[in-house]
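Here is a short report on one protein model. Look at the sequence and the structure first, then read on.

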Amino acid sequence: MKMDPKKLQESLRRKLENGQQLSEAEIRMLELNEQEQQLMEDFKRMMEGELVENTVKLSEFLATPSAQVLIPRVVIGTMREAAEPLYIGTKMLTKIRLKSGQSMIFPSIGPMRAHDVAEGQEIPQETIDWQTHETPEIRVGKVGLRLQFTEEMVGDSQWDIIAMMIKQAGRAMARHKEQKCFNQFRKHGHTVFDNALRATTPEAGTTGLDANGNYNDTFSAEDFLDLIIAVMANEYTPTDILMHPLVWTVFAKNELTGSLLASPYTNYPVKGQPTTLKLGPDSIQGRIPFSFNVQLSPFIPLDKKNRRFDLYCVDRNNIGVLLVKDDIKTDEFNDPSRDIRNIKMIERYGIGILNEGKAIAVAKNISMDKSYPDTPVYKVRSV
């Protein structure tokens with residue numbers, strides 16, 4: 001890092017020309033020359049299925065010193081592009097780099113307060129209110145997978161097939177990270193409702209009703225309000241509602257009955273408003289009686305057999321941390337006995353929820369059945 005930039009590049013070039021293995025940090029620091037930049041652009045185009053004329057064959061390129069620099073950049077770039085659309089929960093975590101060790105402790109602290117001070121008055125002293133509960137320790141784990149390419153694929157320069165495999169690998173790594181993220185939400189978030197406990201703890205259940213006025217584990221507008229208030233009671237500001245994309249059918253059903261609406265007259269046509277009911281995941285935003293950002297992720301728990309789902313109300317600015325030891329990196333090794341090339345994709349990270357999950361309000365095991373509004377009770381008086 002202290003070396004002159006020009007001397008650093010010369011040193012890296014010498015190592016590359018001498019066939020020495022560069023570290024991951026050195027690969028990132030090496031500046032590409034004009035020919036290497038053109039090769040990298042050609043590789044990206046070929047991996048998208050385009051026909052590139054007068055380009056070097058894959059087998060010939062792998063024998064050049066530049067391969068150990070360009071291949072990781074092309075592979076990792078392709079994996080990240082494929083993984084980016086899947087990240088929802090992970091984007092809400094604060095990323096922290098772990099320089100050494102395998103874990104980090106994040107204590108919870110209370111707020112400090114300022115005071116109005118008169119002229120000549122001594123300024124009050126404030127100290128940090130440290131947590132009294134158990135300190136969370138976030139540990140870093142290793143996640144990875146391995147791809148195999150035959151020498152025939154390399155010899156025939158089948159870039160499109162290789163690109164398809166690399167994109168699927170990127171999606172698999174992102175899917176695994178998202179699943180771990182939402183498992184942490186469910187495990188460590190502040191549980192407000194859990195219909196699995198209704199038999200032993202009736203107050204843990206939601207208040208949705210069936211056609212006969214009995215509780216049927218569905219969600220009501222009052223439950224939504226309680227979920228939001230739970231986040232605010234913990235001194236956080238709710239910003240997002242998270243759920244599975246298939247849950248939109250619940251809101252469509254309840255829109256028809258008027259059971260999940262702040263106003264009982266919302267189903268009736270309003271002047272200037274469309275009279276048709278939109279169907280699809282995007283319609284959830286207009287079916288919730290409160291103004292929130294609705295995020296849909298297929299990795300949020302959903303029991304398709306029993307038709308039960310989870311729902312989260314969160315403050316996206318105070319959820320937790322993504323402790324990163326190593327970003328996605330690749331390593332290549334060959335198996336000459338079977339003419340197979342192997343590429344390993346590895347990343348090391350840990351996910352932790354802060355402040356006992358108070359910024360995450362969780363509703364578990366909600367039924368996907370239709371919910372009905374509470375039937376009004378009329379008392380008859382004799383006159």
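Arginine 198 and aspartate 217 form a salt bridge, with their closest N and O atoms 2.7 Å apart. A salt bridge here is a side-chain nitrogen of Lys or Arg within 4 Å of a carboxyl oxygen of Asp or Glu. The pair links distant parts of the chain, 19 residues apart. Arginine 198 and aspartate 217 both sit in the loop between strand 5 (190–194) and helix 8 (221–233). Helices (H or I, at least four residues) and strands (E, at least two) are DSSP runs, numbered from the N terminus.

Arginine 198 counts as buried at 18% relative accessibility. Aspartate 217 counts as buried at 12%. Buried means under 20% relative accessible area, exposed over 50%, and partly exposed in between (1.4 Å probe, protein chains only).

## Basis of the values

This is a predicted model: local features need pLDDT of at least 70, side-chain atom pairs count only at pLDDT 80 or more, and totals for chains, interfaces and linings use all residues. Residues are numbered from 1 along each chain as its sequence is written, and side-chain values use heavy atoms, with hydrogens and water left out.

## Other salt bridges

Side chains of opposite charge can pair when their charged atoms come close. How many salt bridges does the rule give? The count comes to nine. One of them joins the side chains of aspartate 310 and arginine 186, at 2.3 Å from N to O. This pair also links distant parts of the chain, 124 residues apart. Aspartate 310 lies in strand 9 (residues 308–314), and arginine 186 lies in helix 7 (residues 159–188). Aspartate 310 is buried, at 2% relative accessible area. Arginine 186 is partly exposed, at 28%.

Glutamate 356 pairs with lysine 358 in another salt bridge, and the closest N and O atoms are 3.8 Å apart. Glutamate 356 is partly exposed at 43% relative accessible area. Lysine 358 is partly exposed at 34%. Salt bridges with shared partners join Arg198, Asp217 and Arg308 into one network.

## Asparagine 195

Asparagine 195 is in the loop between strand 5 and helix 8. Is asparagine 195 buried or exposed? Asparagine 195 is buried, with a relative accessible area of 6%. A polar atom of its side chain lies 3.2 Å from the backbone oxygen of aspartate 217.

Contact means heavy atoms within 4.5 Å. Leaving aside neighbours within four places in sequence, asparagine 195 is in contact with Ala204, Gly205, Thr206, Asp217, Arg308, Lys364, Asn365 and Ile366. Of these contacts, Asp217 and Arg308 belong to the salt-bridge network.

## Histidine 176

Histidine 176 is placed in helix 7. Histidine 176 counts as partly exposed, at 35% relative accessibility. Which residues does histidine 176 contact, leaving aside its neighbours within four places in sequence? They are Val143 and Tyr349. Valine 143 is 33 residues from histidine 176 along the chain, and their C-alpha atoms are separated by 8.6 Å.

## Helix 1

Helix 1 covers residues 5–17, which is 13 residues. At 1.5 Å a residue, helix 1 should span 18 Å. The expected span is 1.5 Å times one less than the number of residues. The end C-alpha atoms are 18 Å apart, which agrees.

Gln9, Leu12, Arg13 and Leu16 are buried in helix 1. Seen down the helix axis, the buried residues fall within an arc of 100 degrees, so they line one face of helix 1. The arc is that of the directions from the helix axis to the C-beta atoms. An α-helix has 3.6 residues a turn, so residues three or four places apart point the same way.

Notes: A polar contact is a pair of N or O atoms within 3.5 Å; within protein, one must be able to donate a hydrogen and the other to accept it, and residues adjacent in sequence count only if both atoms are side-chain atoms.
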